[in-house]
Amino acid sequence: MKILYLECSMGAAGDMITGSLLELVDNKSDFLKKINSIGLSDIKIIMETVKKCGIVGTHIRVNIHGSEEMPLYEKAKKYNYASYRDCNHKYTNLYKIENIITNLNISKQVKKNALNIYQLIAEAEANIHGKTIEQIHFHEIGNLDAIVDIVSTCILIEIISPQKIIISPINIGSGFVHCMHGTLAVPAPATAFILKNIPIFSNNIKGELCTPTGAAILKYFATHFQLMPKMQIQKIGYGMGAKNFDAPNCVRAFLGKTINSHIKTNECIVQLQCNLDDMTGEAVGFAIDILSQKGALDVFITSIQMKKNRPGILLTCICNENKSDFFAELILRYTSTFGVRKTICKRYTLKRKTIIHETAYGKIQIKIAEGYNIKKSKPEYDDVAKVAVINNIPFHEIVNNLKGNK
C-alpha cells in the first residue's frame, strides 16, 4: 500500500505542503508547466531551492503581476499604514472563489477537492464570526496565492495518488498573529476551529506555524493523524516556509509503502485453557461443539499427563479478546474444570478472502490467503463434502480436481 506521511513538527502552510509534495514527483517541470497554464491570469508559480538551518528544500513562490503577494501586516508595516484597511485590500467571498476554481483547466477531482477544502475554511470563518457561509468574506485566504496553494496541493495529490495519507501531530506555534481583525492569539480562531479533534501541540517557537489554509488541507486529505507508522520509505520531500526560525521551517513528506501490507500483526486474541481428567470423550466432544457453535476462532484438545500419572487432556479455546469472558463462562459451565487460564496473544495472519469457484459438480467456495510473498488457497470443507455426497464421488477426487484446475 502506498503511504504518504506528512511530518508537521513546524506546523503547515499551503506553500510548505505544496513544496514538500513537489519534491516527491519525478518531473517537476511538467507540474510547473501545468500549474502555470490552468487559467489564472497574471500569475506565475516559481519553484525555488532554499536552505534553512543547513537543510535544502523547495519553496513555492507565487508572483502576481510580477511581484510576490505579501501578508497584510507586512504590507502595512512596509508602507507605514495606520491600519490594515488602509492597504486597499480587496476581499472576496466563497461564491467568487468557487467561480474561479470551477473555471480552471484542471480535472474534476482536483476541482472537487479544492472546493471542499475551501468549504472547510468557510465553515470555520462563518462559525467564529457568527455569520452564514454566504455572508462571510475572505481576506488573506481569498488571495490568489492561497488559491494556487490549495489547487497545487490537490494536483500533486492526484499525481502521487497515495492510498493512505497520515499526518503527524501539528505544531501550531505560540504568541500572536496579525490579521485584518487585529492581533489574535495563536492559533488564529479559524485555524483552531478547523483543527478540532486533531492532535496538535505547541512549543517555545513564537509565531503562527499552522495557517488556516494548511490546517484545512491537512484535515481534508488526512486518513489518520498519528506518529509515523511502520513503512518502507522511498522518497522524502522538504517544503520550506517563508519565515526563519531556530529549527528548519518545513513540512517533511515521506512517500513509501507498508511493510508486509497483507499481514495483520496487531490483532489480539485470547487463548483459554484448562486441564481435564474426569470427563468422558462424549462430554468433551459436546463441550467442543458448544464452543465452536458459539463462534470460537478455534477449539482443540491435546493429550497430557497430569498429577498422580493420570492421563488427561488440555482443552484450548481461541477467541477474540472482547469475548474472552463469554467463552470462559462456557468452559466453566460445560466442562468439569474449576478454573480457566487466560493468555493474551498477538497473531500474524495472512490477508484472506473467499471466492466462488464454478466446477462441473457445482459451486465451491475457495479460501485464499496472501502475504510475505505467499499465496495459499483451500476449498471450503463443507462445500466439497456436500458436492461429494450429491455426486457420489470421493472427497479427495474433488479436491484433486480443484488443484488441477488452478
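So, at what angle do helix H9 and helix H10 pack, and how far apart are their axes? What we have here is a predicted model. The protein chain contains 12 helices and 20 strands. It runs to 406 residues, and 43% of them are buried. If you take contacts between residues at least 6 apart in sequence, 66% of those join residues at least 24 apart.

Okay, back to the opening question. H9 covers residues 281-293, H10 covers residues 324-334, and the two pack at an angle of about 160°, with their axes 10 Å apart. Anything over 145 degrees counts as roughly antiparallel, so that is what we call H9 and H10. The crossing itself, where H9 passes H10, is right-handed. Who is actually touching whom? On the H9 side you have Phe286, Ala287, Ile290 and Leu291, and they meet Phe327, Leu330, Ile331 and Tyr334 in H10. Sort that contact by class and you get eight nonpolar residues, with no polar and no charged ones. A quick reminder on spacing: an α-helix has 3.6 residues a turn, so residues three or four places apart point the same way.

Now the other helix pair, H5 and H6. H5 is residues 108-129 and H6 is residues 144-160; their axes come within 9 Å and cross at roughly 135°. That angle makes H5 oblique to H6. The handedness here is right-handed. H5 brings Gln109, Val110, Asn113, Ala114, Ile117, Tyr118 and Ile121 to the contact, while H6 brings Ala146, Ile147, Ile150, Val151, Cys154, Ile155 and Glu158. By class, that contact of H5 with H6 splits into 11 nonpolar, two polar and one charged.

One more helix before we get to strands.

The hairpin has two residues between the strands, and in it tyrosine 372 takes a positive phi near 55°.

Threonine 258 sits in strand S14, residues 250-258. Is threonine 258 buried or exposed? The cut-off for buried is under 20% relative accessible area, and threonine 258 comes in at 18%, so it is buried. Leaving out residues up to four places away in sequence, threonine 258 touches Met1, Ile3 and Lys230.

The other one is phenylalanine 201, in strand S10, which is residues 200-201. With a relative accessible area of 32%, phenylalanine 201 is partly exposed. Again skipping residues up to four places away, phenylalanine 201 touches Ser9, Pro169, Ile170, Asn171, Ile172 and Gly173. And for a distance to check, the C-alpha atoms of phenylalanine 201 and serine 174 are separated by 9.6 Å, with the two residues 27 apart along the chain.

How values were computed: Residues numbered from 1 in each chain as written. Predicted model: local features only at pLDDT ≥ 70, side-chain atom pairs only at ≥ 80, totals over all residues. Heavy atoms only, no water. Helix = DSSP H or I, 4+ residues; strand = E, 2+ residues; numbered from the N terminus. Buried < 20%, exposed > 50% of the residue type's maximum accessible area, 1.4 Å probe, protein only. Contact = heavy atoms within 4.5 Å. Axes fitted to C-alpha atoms, helices over the stretch in contact; angles between N-to-C directions. Parallel < 35°, antiparallel > 145°, perpendicular 65-115°, else oblique. Left-handed = near helix turned anticlockwise from the far one by under 90°. Nonpolar A, V, L, I, M, F, W, Y, C, P; charged D, E, K, R; others polar. Pairing = 2+ DSSP bridges.
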